[in-house]
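Trainee: Please take a close look at one part of this model for me. I would like the sheet, and the covalent link beside it in your account.

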Amino acid sequence: MPNALALLLLALLLQGCARQSAAEASDDTVELLPSRSGDADYLVLFLNRETLLFNGDLPADRARITVSRLKSVGCREPRRLRERAEEQEGSWSFGGKRVIYYSEWKCG
């Protein structure tokens, strides 16, 4: 009985390590889309939200989270090719302007 329970627990843990699809790795802050550009693999849309874990206006935070999400969909060595920002209408509850950062990423 303990062996069966240990195998079941191991199977559940390994399921958490399985690759996700781009849709599964996306949420309301980060969206991963397959790129139509010839040199990029993914187009990433990142809102400049500020949470307890990250600040979307900081390039290092955007890169860290995007790399993590891309690795979860099977991208081995993600690298950012280019990024641009586009202001949106309105502001966040803390007063900051809404911005979407568009970046294109290549998987190594």
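**The sheet and its hairpin**

Mentor: Start with S91: its bridge partner in strand 4 is K97. This is a predicted model, where local features need pLDDT of at least 70, side-chain atom pairs count only at pLDDT 80 or more, and totals for chains, interfaces and linings use all residues. Numbering runs from 1 along each chain as its sequence is written, and side-chain values use heavy atoms, with hydrogens and water left out.

Now follow the two strands. Strand 3 covers residues 79–91 and strand 4 covers residues 97–106. (Strands are DSSP E runs of at least two residues, helices are H or I runs of at least four, and both are numbered from the N terminus.) Nine bridges join strand 3 and strand 4 in the antiparallel sense. (Two strands pair if DSSP finds at least two bridges between them.) Elsewhere in this pairing, R80 has W105 as its bridge partner in strand 4. Strand 3 and strand 4 make a hairpin, with five residues between them. Look at G95 in that turn: its phi is positive, about 100°.

Next, strand 2. Strand 2 spans residues 42–47 and pairs with strand 4, again antiparallel, over six bridges. L47 finds its bridge partner in strand 4 at I100. Strand 4 is mostly covered, with seven of its 10 residues buried. (Buried means under 20% relative accessible area, exposed over 50%, partly exposed in between, using a 1.4 Å probe and protein chains only.)

Last, the covalent link. The count comes to one disulfide, defined as a pair of cysteine sulfur atoms within 2.5 Å. C75 and C107 form that disulfide, with their sulfur atoms 2.0 Å apart. The link is left-handed, at -120° about the S-S bond. It joins distant parts of the chain, 32 residues apart. C75 lies in the loop between helix 3 (59–72) and strand 3, while C107 lies in the segment after strand 4. C75 is buried, because its relative accessible area is 4%.
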